[in-house]
Amino acid sequence: MTVPYDPAEEGAEMSFDGRMSYGDYLQLDKILSAQAPLSDAHDEMLFIIQHQVSELWMRLAVHEVSAAREAIRRDTLSPAFKMLTRVARLFEQLNDAWDVLRTMTPSEYTNFRDSLGQSSGFQSHQYRQIEYMVGNRNPAMLRPHAHRAEVTALLKAELERPSLYDEALRLLARNGIDVPDSVLERDVSRTHTADEGVMAAWKVVYEAPETHWPLYELAEKLVDFEDYFRRWRFNHVTTVERVIGFKRGTGGTGGVSYLKRMLDVVLFPELWHVRTHL
């Protein structure tokens, strides 16, 4: 007869009265009590958890992008590379989340869609913060957050800082690569638009990677991140089309048509354009 395994015999802690436990450290009581479906539909729990998990990953993305940007500003590139790699893989996790949500059929979603009211993913302030941090800066998207003063202040403060890409371009200039003054001195609250001078700067790096290896590696880390970010947007579009077709979104957007416009946004345009000229 097999004797049941007792981890206490190997020294495992088994009593946590007044001590830090796994659940205490992770505050699982708060997390696991945060799911409150508003209907009796079985699939609403999936919908809630998928979006909550996505917001947690975005919380980490904000943390990592912010630190990577600061590391680039300070010319400490090795930590920035690690952080940007992590963010890219984080968006791989966000991509996988769509696979789970796609197990929900249109009929199942219809059972609880009215419970969402006017709530919509485009109202995610963390997603907006990430976009602002990496350089897609549309001030009009402050309006969905106007009812929350602290969020509006957070996003406005972000618009006043150089973006991740702005810091990358300033790094190029500090390393002797010619970047147009009009780009370096531009209004950082606005989205950067493709510039031939910036493309020429990256071309210098890509034509001699052995000479400019840290800058070359940074460029590829940025491309890697945007690659996963684009995939996430594309999977978002296909998931929404699969579940609701071409209905309007709950937040009043055009749904699929709105999301498809987002596919045209390029965060680091010169890093993609330069490939054609090598």
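This briefing describes the overall fold, the aromatic pairs, the helix packing and a few single residues of one predicted model. Residues are numbered from 1 along each chain as its sequence is written, and side-chain values use heavy atoms, with hydrogens and water left out. Because the model is predicted, local features need pLDDT of at least 70 and side-chain atom pairs count only at pLDDT 80 or more, whereas totals for chains, interfaces and linings use all residues.

**Overall fold**

- The chain holds 13 helices and 0 strands, where helices (H or I, at least four residues) and strands (E, at least two) are DSSP runs numbered from the N terminus.
- Along the principal axes, the C-alpha atoms of the chain fill a box of roughly 70 × 55 × 40 Å.
- Of the 278 residues in the chain, 43% are buried, a term that stands for under 20% relative accessible area, with exposed meaning over 50% and partly exposed in between (1.4 Å probe, protein chains only).
- When contacts between residues at least 6 apart in sequence are taken, 71% of them join residues at least 24 apart, a contact being heavy atoms within 4.5 Å.

**Aromatic pairs and charges over rings**

- A search of the whole structure gives 15 aromatic pairs, in which rings of Phe, Tyr and Trp (its six-membered ring) have centres within 6.5 Å, and planes under 30 degrees apart count as stacked, over 60 as edge-to-face and the rest as tilted.
- One of these is the tilted pair of Tyr165 and Phe268, with 5.2 Å from centre to centre and 40° between the planes.
- Tyr165 belongs to helix α8 (residues 164-174) and Phe268 to the loop between α12 (256-262) and α13 (269-273), so this pair ties together parts that are 103 residues apart in sequence.
- Tyr165 is buried at a relative accessible area of 2%, and Phe268 is buried at 0%.
- Phe268 also pairs with Phe225, and because the ring centres are 6.4 Å apart with the planes at 45°, this pair is tilted.
- Phe225 and Phe268 are both buried, and they belong to one aromatic cluster together with Phe91, Trp98, Tyr127, Tyr165, Phe229 and Trp232.
- Arg230 lies over the face of Trp272 at 4.1 Å from the ring centre, and the charged end of Arg231 sits over the ring of Tyr228, 4.5 Å from its centre; a charge sits over a ring if NZ of Lys or CZ of Arg is within 6 Å of the ring centre and within 35 degrees of the ring normal.

- Two packed helices are described by the angle between their axes and the distance between the axes.
- The axes of α3 (residues 44-73) and α6 (residues 125-134) come within 9 Å and cross at roughly 25°, where axes are lines fitted to C-alpha atoms, for helices over the stretch in contact, and angles run from 0 to 180 degrees between N-to-C directions.
- This makes α3 roughly parallel to α6, given that angles under 35 degrees count as roughly parallel, over 145 as roughly antiparallel, 65 to 115 as roughly perpendicular and the rest as oblique.
- The residues of α3 that meet α6 include Glu55, Met58 and Arg59, while those of α6 that meet α3 include Gln126, Tyr127 and Ile130.
- Helix α6 is largely enclosed by the rest of the structure, because 9 of its 10 residues are buried.
- Just after α6, Gly135 takes a positive phi of about 125°.
- Helices α3 and α8 pack at an angle of about 15° with their axes 9 Å apart, and they are therefore roughly parallel to each other.
- Val65, Ala68, Arg69, Ile72 and Arg73 in α3 meet Leu164, Glu167, Ala168, Leu171 and Arg174 in α8.

**Two partly exposed residues**

- Pro7 is found in the segment before α1 (22-26) and counts as partly exposed at 25% relative accessibility.
- Not counting residues up to four places away in sequence, Pro7 touches Ala12 and Met14.
- Gly197 is found in helix α10 (residues 196-207) and is partly exposed, with a relative accessible area of 24%.
- Leaving aside neighbours within four places in sequence, Gly197 is in contact with Asp178 and Pro180, and the C-alpha atoms of Gly197 and Asp178, 19 residues apart along the chain, are separated by 8.0 Å.
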